[in-house]
Structures are given as C-alpha cells and as structure tokens.
Amino acid sequence: MDEARAQAEKLLRGAAEALPAGRLPEQLATGRSLRVKLGIDPTTPDIHLGHCVVLNKLRAFQEAGHLVVLIVGDYTARVGDPSGRSEERPVLSPEEIERNAETYRRQAFKVLDPARVELRHNSEWLAMSPEELFGLLRRFTVARLLEREDFARRMEAAQPISTLELLYPILQGYDSVAVEADVELGGTDQTFNLLFARDVQQALGMEPQSIITMPLLIGTDGTRKMSKSFDNYVGVTDPSDEMFGKLMSIPDSILAEYYLLLLDEDLDADRHPGEAKRELARRLVDRFAGPGEGEKAEAAFDRVHVRHEVPVDVPEVEVEVSANGDAHLPAVLAAAFGVSRSEARRLIEHGGVRVGGERATPDRLDVPAADLDGAIVQLGRRRFRRLRLVGFGSS
C-alpha cells in the first residue's frame, strides 16, 4: 500500500482535488491497469494550453501503465455542456461536431500516446430507446441536479434553464457506466459532473469511479482562465513565433503555475523570470512544433522584440485598392490580416499599427497607395505582412 500511495502522490502532483480522499491509492494497490476517462466537448475545433493541463495528467497515467478512454461527446454536444454558462449553448450540426472532433483528436495526440488510448463516441450508447432513457432518468431528482452551482446561480437570477441542459450531467455520467471508468479527469469547473457520474454508476450497480480535478490554467492576461473567448490563449497549432511570443508575454506571477501544470516541474524561485519564460517557451514550442523549433522561434523573437528588426520571412499579401491612387488604411489592414475595419481602426487609434516602421495615426487613414506598395505593415506585436497592391496605377 505504501508503494500505491507513492504512485498516487506522483500522479496527483498539481491536481486541485482527488475524491473520494484516499480512493486512488486503493485502486492503484490492486495492481491492475485502470481505465482513466476524459470526455471531450467537440463544440470547438482547436485546443490550447489550458486543455493540455488535463492531457498532461492523462499522459502521466499512460506512462504509469494505465489506459486512457477518450470519449468524443458527439451525442452530448447536441445538448451542450452548461458548465460556467449563463445561457444555453448553441447546438451544432453532426457534420460540424465530427469535423471539430477530428481536429481535437489530432491535436490531443500531440500529448497522448495513441497506442494507449481507447477512442469512443458517446453516440454509441446514448442513442437509446425512449424506454431506456426514461428508465435512466427516473433514478435521479431535479433537486439533486439543481445543486449544481451554475444552475443555482441561474435560478437565483431568474435565468432560464432548459430541460435539455438538466439532462447533461445524467448523460455524461452514463458515459462512465458505458466505458466502465475507474478514474475520471476534468477541470475544476467540471466537479459536479464528475461527482454526479459516481451517482449514476452507483445507481446502476457499478463500483463508482474516483475523480481528479485539475486547476484551470490562467491565460496570458494573468487574470482569467485561458479561453479563446477572452483572446488570452496559446493554441497548440499556433505558429512557432506566435506561440513563443505569447508565452514571453505572461506575467511573472503565473510563471510557477505554468511550470507545474505544463512541464510538471517546480520553478526555481531564484531564477530570473525572463530566462525562465524563455526556457518554458522553447520547450513548449519544441513539443508542439518539433525539436529545434523553439530555438528558431527564440531567435525570431529577439530579432523583432529585442533588436526591433523586421522578421526574416514576412508573408506577402496582395490587396486591391481603388484606381484613384489612394488607399484606406483600415480596409487594407482588414484585407491583409483578416480583421474587421472597426478593429483595424481601433488598433490604429491605440498605436498598434506600423507602416514601414512608422506608427500609423488616426488622423491619416487615407494614404497614397505608393506609400504602401511593397511596405511592411506590423499589426500588434507579432503580426507582419508585406503589401503588394493590386489595381494601383491602373486606369
């Protein structure tokens, strides 16, 4: 049992909570390979470093000899996970769900060992007959479901909760029954769902799983959880230079958390934060972009942000302009970078645009096309384009 406790302590490093207390060492003491479940929500296609916190922990279980059961929630995605939501999620088509799921799987396997993954779709068992569904639902009360924190908040605020959303914890819990999960992982925002899955297993006569919750990674803004919605994320498929630059921008205050949750290491408190960030960025770029890419990204970062030079390889884009010889800068930026014109104007007003090394100003939005043709335009800190204007000089 002492060996099992030591194994559990290693596997739980960085975890927020493991429930019931002491259950994981008991499971490890049996000596059998555990079935460790993660349900993925395919309502968005790409994953970021916040998702990797749980994926890293799953990889640790794999390396300890256990099997990861990765469940694509293609059926529950039609319901929509209400975790942390103040309103019902939009429902995607089956085609969108499968496209997102395929992208998620491909990216998750950058962290997980595919040879030790059992990949399942919960439509395999949740597309049940009405009789089976009613038999499952009658085992649980609405009062128990309303104990969920986000449901309780919405009730207090007189915000609607659909019957469909109430079904979500029951359906997700049934996933644990279908795959005979021993352990389930998730973020701290999933605690109710993970615990409720134990209720579902027990109600159906199964030994309940233990659960492990992982902290939600703080985003690059240093305040809110990492999320695309907050534009504070680092995507695992971001270009190497962009990934490196984003990681160099994180506040010093969250650096130790990144080391623990993404590298499974303690940060040396005496180390200079700038050097620690560089190592973190190099190692993560190497992990997701390939060996040696971190060093290349660091060199590109120094060229732009330390020596204030233009990147070596600047993408060239063609932008159409009117034949009168003038170009409207917000329109050019929109075409070159894929932003809206209003966003382009906002960036100009805040000093976030440079043309040929000079900062663009809001009092000069219409400029001679000759000043832009062949010029390098910088948007924000890390985005560059060389402009080739089409239509300039034509009659």
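Modeller: In this predicted model, rings of Phe, Tyr and Trp count as a pair if their centres lie within 6.5 Å.

Biologist: How many aromatic pairs does that rule give?

Modeller: The count is three aromatic pairs. One of them joins Phe140 and Phe196, with 5.3 Å from centre to centre and 50° between the planes.

Biologist: Why is the pair of Phe140 and Phe196 called tilted?

Modeller: Planes under 30 degrees apart would be stacked and those over 60 edge-to-face, with the rest tilted. The planes of Phe140 and Phe196 are at 50°, and the pair is therefore tilted.

Biologist: Which parts of the chain does this pair link?

Modeller: Phe140 is in the loop between α6 (130-137) and α7 (142-145), while Phe196 is in helix α10 (residues 191-203), 56 residues apart. Both Phe140 and Phe196 are buried. Ring pairs also join Phe140, Phe192 and Phe196 into a cluster.

Biologist: What makes Phe244 and Phe301 a tilted pair?

Modeller: Their ring centres are 5.5 Å apart and their planes are at 55°, so the pair is tilted. Phe244 belongs to helix α11 (residues 240-248) and Phe301 to helix α14 (residues 293-306), so the pair ties together parts 57 residues apart in sequence.

Biologist: Why are Phe244 and Phe301 called buried?

Modeller: Buried means under 20% relative accessible area. Phe244 has 0% and is therefore buried; Phe301 has 11% and is therefore buried.

Biologist: Which ring does the charged end of Lys246 sit over?

Modeller: The charged end of Lys246 sits over the ring of Tyr233, 4.4 Å from its centre; the distance cut-off is within 6 Å. Arg224 lies over the face of Phe230, at 4.3 Å from the ring centre.

Key: Residues numbered from 1 in each chain as written. Predicted model: local features only at pLDDT ≥ 70, side-chain atom pairs only at ≥ 80, totals over all residues. Heavy atoms only, no water. Phe/Tyr/Trp six-rings, centres within 6.5 Å; stacked < 30°, edge-to-face > 60°. Helix = DSSP H or I, 4+ residues; strand = E, 2+ residues; numbered from the N terminus. Buried < 20%, exposed > 50% of the residue type's maximum accessible area, 1.4 Å probe, protein only. Lys NZ or Arg CZ within 6 Å of the ring centre and 35° of its normal.
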